Amino acid sequence: MDAQEQDSFREFVAARSPALLKTAVLLSGGDRHAGEDLLQNALVKAAGRWRRIDEPEAYVRRILYRQQVSRWRLKWPRRELAVAEPPESAATGDATSAAELRIVLRGALAKLTARQRTVLVLRYFEDLPEAEVAQLLGCSVGTVRSTTHRSLARLRSLAPELARLDRPDGGSRSMSRDFSPMEV
């Protein structure tokens with residue numbers, strides 16, 4: 001990589017890392033350290049091919065998605081997060097503030113499988129169409145639809161507090177309208 005390409009890469013990393021990190025953290029279930037590792041690995045791969053990349057952000061995002069898919073295809077057991085104190089139970093009544101809902105959402109996303117979480121992040125936070133998600137994950141559109149349906153059902157059962165995000169007519173709104181990746 002010559003000096004001009006290095007400068008171009010550095011500028012890209014400086015400008016787009018915060019947004020890419022938010023996506024990586026979401027893909028890794030809210031674990032910031034795992035998200036940072038995921039992004040760092042993606043940027044290392046992109047750096048090696050920098051001169052041949054036409055759309056850098058799309059290329060790095062695709063690496064992020066594919067690395068996450070590779071992680072959940074591995075047969076490794078899921079790690080548990082050790083905490084000093086058990087989590088508090090959800091309060092009733094005034095537990096509907098946006099900050100509390102983000103905490104509940106983050107916790108519920110962490111309890112989903114990596115595949116379920118990845119599909120929800122791509123569909124609702126990245127706002128990608130089903131066909132593009134299917135292409136990125138290497139599966140059929142029907143698999144994306146069924147995984148999305150099961151993931152949302154599991155998310156609702158894990159965090160009933162999120163019911164206020166549902167429309168009164170029974171349909172679901174896009175989560176991205178209520179919670180930006182920056183907030184989650």
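Q: Trp-50: buried or exposed?
A: Trp-50 is buried, with a relative accessible area of 9%. Buried means under 20% relative accessible area, exposed over 50%, partly exposed in between, with a 1.4 Å probe and protein chains only.

Q: What kind of model is this?
A: This is a predicted model: local features need pLDDT of at least 70, side-chain atom pairs count only at pLDDT 80 or more, and totals for chains, interfaces and linings use all residues. Residues are numbered from 1 along each chain as its sequence is written, and side-chain values use heavy atoms, leaving out hydrogens and water.

Q: How many aromatic pairs are there?
A: Two. Rings of Phe, Tyr and Trp (its six-membered ring) pair if their centres lie within 6.5 Å; planes under 30 degrees apart count as stacked, over 60 as edge-to-face and the rest as tilted.

Q: Why is the pair of Phe-9 and Trp-50 edge-to-face?
A: Because the planes stand at 80°, with the ring centres 5.0 Å apart.

Q: Where do these two sit in the chain?
A: Phe-9 is in helix H1 (residues 3–27), and Trp-50 is in the loop between helix H2 (32–48) and helix H3 (56–73). They are 41 residues apart. Helices here are DSSP runs (H or I, at least four residues), numbered from the N terminus.

Q: And Phe-9, buried or exposed?
A: Phe-9 is buried, at 14% relative accessible area.

Q: What about Phe-12 and Trp-50?
A: Their ring centres are 5.4 Å apart and the planes are at 45°, so that pair is tilted. Phe-12 is in helix H1, 38 residues from Trp-50.

Q: Which residues form the cluster?
A: Ring pairs join Phe-9, Phe-12 and Trp-50.
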